[in-house]
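Let us walk through this structure step by step. Keep the view open as you read.

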Amino acid sequence: MDTHDSIHTHILSNPSSNDLLVAARALQNGELVAIPTETVYGLGANGLDAEAMDKIYAAKGRPSDNPLILHVPSIDSIRPLVKAIPKTAYQLMETFWPGPLTITLPKSDLVPYRATGGLERVALRCPDHDICRQLLSLAGVPIAAPSANISGRPSPTTAQAVYEDMNGRILYIVDAGPCSIGVESTVVEVQEDAVIILRPGGITKEMLETVVSTVTYDKALSSDAKPKAPGMKYKHYAPDAPMTAFVGNAQDVAIAIDKYVHSLTRQQGEIVSHDFVHIAKACNVGYLLSKEVYEALQPTILTDVPVNCIHVYGHHGDAVSLAHDFYSALLSFNEAKVTHIIAEGVQPEGLGVAVMNRMEKASGGHIEYL
Ligand code: TXA
Ligand code: MG
C-alpha cells in the first residue's frame, strides 16, 4: 500500500471564512493544503518550515533541486523574506501585483534553503485571487506552492483535477472554482534595471516593457543552455498520450490535421485491421481545436469522433481561451484514454508565448509551424 493513503483529503467547496481559518491553521501546523490562484491550483505549505516543504516534494514526486515560489498577500509582507527590494523590482510589484508575476530576489536568512532548492534567490508572488489572499493573510506566513499536480503531469486548474493527483496525499483542497488564467505565472529575475524572463506566463514581455526598458528571455527558453529556473529543465505538463500540434492559418491547419489523421489511421490500420471502420476506431484521437478548424473538419474526419475527444477552445488565434482551457483539455483526454492528441496552437506572441512554451513541453517539441 502507498504510504500516502493514510491521509483523508477534504475538499472545502465555496469555502466559508471558518473553512479558510481551518485551512490556515493546517498550513501553520505544517500540513499540505491545495490553494486556488488565478493561474493554476498550488500545493501549499508553510514557506518558513523546511519539514512542511519536504512534504510538498514527497507528495508531488518533485526533484529536490527545483525551488518553490513563496506566495504572499501584499508587497509589504515580502520585506522579512529578502535582503532588499531593488527599485525595479518594486516598480514591477506595484504595477503587476496582485497578479501572475513571480520575482526572484536575494533571500534573507529567514527563508530556508528548502524553499529555494539551495539557491540564494527566493521566488515571490502575490496572487490576484481574493480567497487565496484571504487565506495567505490568515496563515500569516508565506506559503510555498508549486502547481498541485504530480511532477511531470499537466497542472490542475480545478479542485477536481487537484483531487485526481493529490487524493490521500494532502489534508485540504480549497475549492474556489476554475482558475481564470489557466497557465502559470511569469517568472523573472531582476538585475538592476533589466529583467530576464525565466518562464513565460500570464504577464507578457510586452507588459513588462511598459515598466522596464530591457526585457529579455532566458537563453535556455530557445536553446539547450542551462535554464536559470531549475524547473524548466524537467519534463512537464505531459498528457498520457503523445501529442502533435499545428500552428498556422485556419485553413492550413485543417488541411495539415486531415493529412496527419489519415497517416495515423494508415499506421494503426496495418497493426489492427484492414477494415476501414475498424481502423478509424482503433485510432482514438483527442482534438484540441479552434472553432474555425473544428468547423472545417467536422464534416470529414470528425464525424464519428465522440464528444469527449473534442475540445473547442475559442476562435482561431485566441491565446487567452487556449491558455484557459489547455491543461483541462489535456486532463480530459487522459480520462478519455485517447491514444493520440492533435492540438491547434497559436502564434508565439503576447500570452501565446506562455501557451506555446507549455505546448512545446507537453508535446515533446512536436509542433509544426505551417
Ligand atoms: O502560477 C504559478 O506560478 C503557480 C501558482 C501555484 O502560483 N506556481 C507554479 O509553481 O507554477 P511551480 O513550482 O510549478 O513552478 C515554479 C517555477 C519553476 O520553474 C522553478 O524552477 C522556478 O519557478 N523558480 C522558483 N524559484 C526560483 C529561483 N529562486 N530561481 C529561479 N527559478 C525559480
Ligand atoms: Mg509546475
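Strands here are DSSP runs of at least two residues, numbered from the N terminus. The model itself is predicted.

Strands of a sheet pair through backbone hydrogen bonds, either parallel or antiparallel. Strand 2 (residues 33–35) and strand 3 (residues 42–46) run antiparallel, joined by 3 bridges. Look at Ile-35: Gly-42 in strand 3 stands opposite.

Now turn to ligand 1. The space taken by ligand 1 is the largest pocket. Which residues come nearest? Of the 27 residues around the ligand, these are Thr-39, Arg-62, His-71, Ser-185 and Gly-231. By class, the shell has 13 nonpolar, 8 polar and 6 charged residues.

Strand 4 (69–71), strand 6 (121–125) and strand 10 (194–199) each supply at least two of the shell residues. Strand 6 gives the most, with 3 residues.

Next, follow the arginines. A polar side-chain atom of Arg-62 lies 2.8 Å from an oxygen atom of ligand 1. For Arg-125, a polar side-chain atom is 2.9 Å from an oxygen atom of the ligand. In Arg-199, an N or O atom of the side chain is also 2.9 Å from a ligand oxygen atom. How much of ligand 1 does the protein cover? On its own, ligand 1 has 690 Å² of accessible area, and the protein covers 97% of that.

Technical notes
Residues are numbered from 1 along each chain as its sequence is written. Chains are lettered from A and ligands numbered from 1 in the order in which they are written. This is a predicted model: local features need pLDDT of at least 70, side-chain atom pairs count only at pLDDT 80 or more; totals for chains, interfaces and linings use all residues. Side-chain values use heavy atoms; hydrogens and water are left out. A residue is near a molecule or strand if one of its heavy atoms lies within 4 Å of it. A polar contact is a pair of N or O atoms within 3.5 Å; within protein, one must be able to donate a hydrogen and the other to accept it, and residues adjacent in sequence count only if both atoms are side-chain atoms. Accessible areas come from the Shrake-Rupley method with a 1.4 Å probe; for residues, only the protein chains shown count as cover. On a 1 Å grid over the protein atoms alone, a cavity is a set of points where a 1.4 Å probe fits but cannot get out, and a pocket is an open set with protein on both sides within 12 Å along at least five of seven lines; lining residues have an atom within 4 Å of a point. A molecule sits in a cavity or pocket if more than half of its atoms lie within 2 Å of its grid points. Helices (H or I, at least four residues) and strands (E, at least two) are DSSP runs, numbered from the N terminus. Ala, Val, Leu, Ile, Met, Phe, Trp, Tyr, Cys and Pro count as nonpolar, Asp, Glu, Lys and Arg as charged, and the others, Gly among them, as polar. Two strands pair if DSSP finds at least two bridges between them.
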